Amino acid sequence: MRECPVCQTSNDDFAIICRSCGGYLQNRVPNLNLFETMWSVFDSPVKAFRRIGLAEHKNHAVLLFGVFGIACAFTLLWLFRWGEFFDSLLTLIAWGTVLGAAFGIALHPVVAGTHWIVAKLLGSRRGYREALGVTAYALSPIVLSVVLILPIELLTFGIYLFTSNPHPYALNPVSYVVLLGLDVAAGLWSVVLLAVGTRIAQSMTVGRALAGSVITAGVIIGLLALVGWEVTRILSVAGIPGLG
Ligand SMILES: [Zn+2]
């Protein structure tokens with residue numbers, strides 16, 4: 001709640017002017033700058049998500065989901081060992097990037113919508129757009145891992161990152177464990193940021209924000225597993241060698 005300094009009326013946290021006297025409560029935030037907002041999400045997440053909640057446009061949300069889609073594609077390529085289906089690393093990177101980005105962009109209303117409904121069921125009165133801003137910017141660590149860690153993984157292991165014979169662990173166990181650990185850390189960090197963002201920008205208690213974030217993360221992981229199994233099934237039905 002935000003109390004009006006003029007008439008002491010309680011207003012919504014994100015109100016710009018007082019609903020009773022029309023007095024000024026806080027600055028409007030018309031737009032979000034991508035790098036500034038991402039930096040702020042790492043540096044002072046509470047402040048960042050307040051600004052995201054306040055922003056009239058949740059700019060760059062779709063772009064962030066596009067990069068997240070690339071992370072999803074390479075995770076599935078790795079998890080389901082689809083490397084055998086590609087004749088070169090470049091082909092794999094091209095398909096993973098293009099299909100991944102398209103998948104992430106298509107996924108954004110599903111993830112934001114799920115998070116909006118989950119938060120609503122847990123008592124949030126904020127709208128779909130806030131859920132979109134929160135889910136998109138909570139992906140910042142994963143987006144950073146695509147830009148910083150994925151290229152190192154591709155340079156270190158090449159196509160063997162995605163094959164079972166040889167398995168990348170056998171090639172370079174230390175790098176494999178360290179790089180994978182960083183990916184896992186980025187994923188967990190995103191879940192924590194989702195909880196912080198939900199708490200702040202969707203005006204929920206800590207416990208409910210955390211519960212809502214774990215449910216949304218679970219839905220995303222479930223969806224990815226379904227896509228992975230289904231694609232693997234289609235590839236085997238099509239009789240492509242490599243999978244039994
Ligand atoms: Zn007032």
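Here are some questions and answers on how terms are applied to this predicted model.

Q: What makes up the secondary structure of the chain, and which pattern does the chain follow along the sequence?
A: The chain has nine helices and two strands. Read along the sequence, the pattern is β-β-α-α-α-α-α-α-α-α-α. Along the principal axes, the C-alpha atoms fill a box of roughly 75 × 30 × 30 Å. Buried residues account for 35% of the 244 residues.

Q: Which residues of H8 and H9 meet?
A: From H8 come Val-191, Leu-194, Ala-195, Thr-198 and Arg-199, and from H9 come Val-206, Ala-209, Leu-210, Gly-212, Ser-213, Thr-216 and Ala-217. By class, this contact has seven nonpolar, four polar and one charged residues.

Q: Which residues of H2 and H8 meet, and how do they divide by class?
A: Pro-45, Val-46, Phe-49, Arg-50, Ile-52 and Gly-53 in H2 meet Leu-193, Val-196, Gly-197, Ile-200 and Ala-201 in H8. The residues of this contact divide into eight nonpolar, two polar and one charged.

Q: How do you know that Gln-26 is partly exposed?
A: Count the C-beta atoms around Gln-26: 14 others lie within 10 Å. Buried needs 20 or more and exposed needs 12 or fewer, so Gln-26 is partly exposed. Gln-26 is in the loop between strand S2 (10-11) and helix H1 (34-43). Its C-alpha atom is separated by 22 Å from that of Ala-131, 105 residues apart along the chain.

Q: Why does Arg-81 count as partly exposed?
A: Arg-81 has 17 C-beta neighbours inside 10 Å. With the cut-offs at 20 or more for buried and 12 or fewer for exposed, Arg-81 therefore counts as partly exposed. Arg-81 sits in the loop between helix H3 (61-79) and helix H4 (89-121).

Q: What makes Ser-203 partly exposed?
A: Ser-203 has 19 C-beta neighbours inside 10 Å. Buried takes 20 or more, so Ser-203 counts as partly exposed. Ser-203 is found in the loop between H8 and H9.

Q: What is phi near in Arg-81, and what is phi near in Ser-203?
A: Phi of Arg-81 is near 50°, a positive value in a residue other than glycine. Phi of Ser-203 is likewise near 50° and positive. Most residues other than glycine have a negative phi.

Q: Where is Pro-166, and what kind of peptide bond joins Asn-165 and Pro-166?
A: Pro-166 is in the loop between helix H6 (140-157) and helix H7 (168-171). The bond joining Asn-165 and Pro-166 is cis, with omega about 5°. Most peptide bonds are trans.

Technical notes: Residues are numbered from 1 along each chain as its sequence is written. This is a predicted model: local features need pLDDT of at least 70, side-chain atom pairs count only at pLDDT 80 or more; totals for chains, interfaces and linings use all residues. Two residues are in contact if their C-beta atoms, placed from the backbone, lie within 7 Å. Helices (H or I, at least four residues) and strands (E, at least two) are DSSP runs, numbered from the N terminus. Ala, Val, Leu, Ile, Met, Phe, Trp, Tyr, Cys and Pro count as nonpolar, Asp, Glu, Lys and Arg as charged, and the others, Gly among them, as polar.
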